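Here is a walk through one model, helix by helix and pocket by pocket. Keep the structure open while you read.

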Amino acid sequence: MKFAHFECFYEYYLEQHKHKYTRRWHFAGTTVAILFLIAALVTKNWTCLWGVPLSGYLPAWLSHWFFEKNNPASFKNPILSFRADMKMYWQMITGKVTF
C-alpha cells in the first residue's frame, strides 16, 4: 500500500489497532524497549540492545495475530509503522488514544 503522507498512513495504522489489548501490548512492548535502550546507554552494556527489538516487536506482532487477526503493518511499512507506533505511544500517554 502506498500512502500520500504520514497522516494517511496513521489513520490506517489506527484502524489496524482497534482492539484495546493490541494497543496495550504495543504500549507495554514499547515501554520495555525504551527501558532496554536506556539500560544500554547508562550501563554501556550493549548486549541490552538485543532487548530493544525483541521486546518492542514480539508482543506487538503476537497481539496482532491473537487479537486483531491481521498482520502487523510493520511487515510492509516498517519505517512508517515505527513512526506511527511512537505517535500512538505518545497519544496513549497524553490520553488521545485509549488504552
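Predicted model: local features only at pLDDT ≥ 70, side-chain atom pairs only at ≥ 80, totals over all residues.

The expected span of a helix is 1.5 Å times one less than its number of residues.

## Helix 4, end to end

Let's start with helix 4, which runs over residues 78–93 and has 16 residues. From its first C-alpha to its last it reaches 22 Å, close to the 22 Å expected at 1.5 Å a residue. Pro78 belongs to this helix.

Which residues of helix 4 are buried? They are Ser81, Ala84, Asp85, Met88, Tyr89, Gln91 and Met92. These cover an arc of only 165° around the axis, so they sit on the same side of helix 4. Over on the other side of helix 4, Ile79 and Trp90 are exposed.

As for what covers the buried residues of helix 4, the list includes helix 1 (6–15) and helix 2 (20–43).

The buried residues here are Thr22, Arg23, His26, Phe27, Gly29, Thr30, Ala33 and Ala40. Their cover includes helix 1, helix 3 and helix 4.

Leu37 is another residue of helix 2. Its relative accessible area is 38%, so it counts as partly exposed. Leaving aside its neighbours within four places in sequence, Leu37 is in contact with Leu49 and Val52. Leu37 and Val52 are 15 residues apart along the chain, while their C-alpha atoms are separated by 6.2 Å.

## Two lysines with positive phi

Now for a pair of loop residues. Lys44 follows helix 2 and lies in the loop between helix 2 and helix 3. Its phi is positive, about 60°, although Lys44 is not a glycine. Is Lys44 buried or exposed? Its relative accessible area is 57%, so it is exposed.

Lys69 is found in the loop between helix 3 and helix 4. Here too phi is positive at about 60°, and Lys69 is not a glycine either. At 65% relative accessibility, Lys69 counts as exposed.

## The largest pocket

How much space lies in the largest pocket? About 310 Å³. The lining is made up of 21 residues, and Gly56, Tyr57, Phe82, Asp85 and Met86 are the ones that lie nearest the centre. Asp85 has already come up as one of the buried residues of helix 4.

Helix 2, helix 3 (51–68) and helix 4 each supply at least two residues of this lining. The largest share, seven residues, comes from helix 3. By class, the lining has 13 nonpolar, seven polar and one charged residues.

## The second largest pocket and Asn77

The second largest pocket holds about 160 Å³ of space. Its lining consists of Met1, Tyr12, Asn71, Pro72, Ala73, Phe75, Lys76 and Asn77. Those divide into five nonpolar, two polar and one charged.

Asn77 deserves a look of its own. It is placed in the loop between helix 3 and helix 4. Why does Asn77 count as buried? Its relative accessibility is 14%, and buried means under 20%. Once its neighbours within four places in sequence are left aside, Asn77 is in contact with Met1, Phe3 and Phe9. Of these, Met1 is also one of the residues that line the second largest pocket.

Conventions:
Residues numbered from 1 in each chain as written. Heavy atoms only, no water. Helix = DSSP H or I, 4+ residues; strand = E, 2+ residues; numbered from the N terminus. Buried < 20%, exposed > 50% of the residue type's maximum accessible area, 1.4 Å probe, protein only. Arc of directions from axis to C-beta. Contact = heavy atoms within 4.5 Å. 1 Å grid on protein atoms, 1.4 Å probe; cavity = no way out; pocket = protein on both sides within 12 Å on 5 of 7 lines; lining within 4 Å. Points joined across faces, edges and corners; volume = space filled by probe spheres on them. Nonpolar A, V, L, I, M, F, W, Y, C, P; charged D, E, K, R; others polar.
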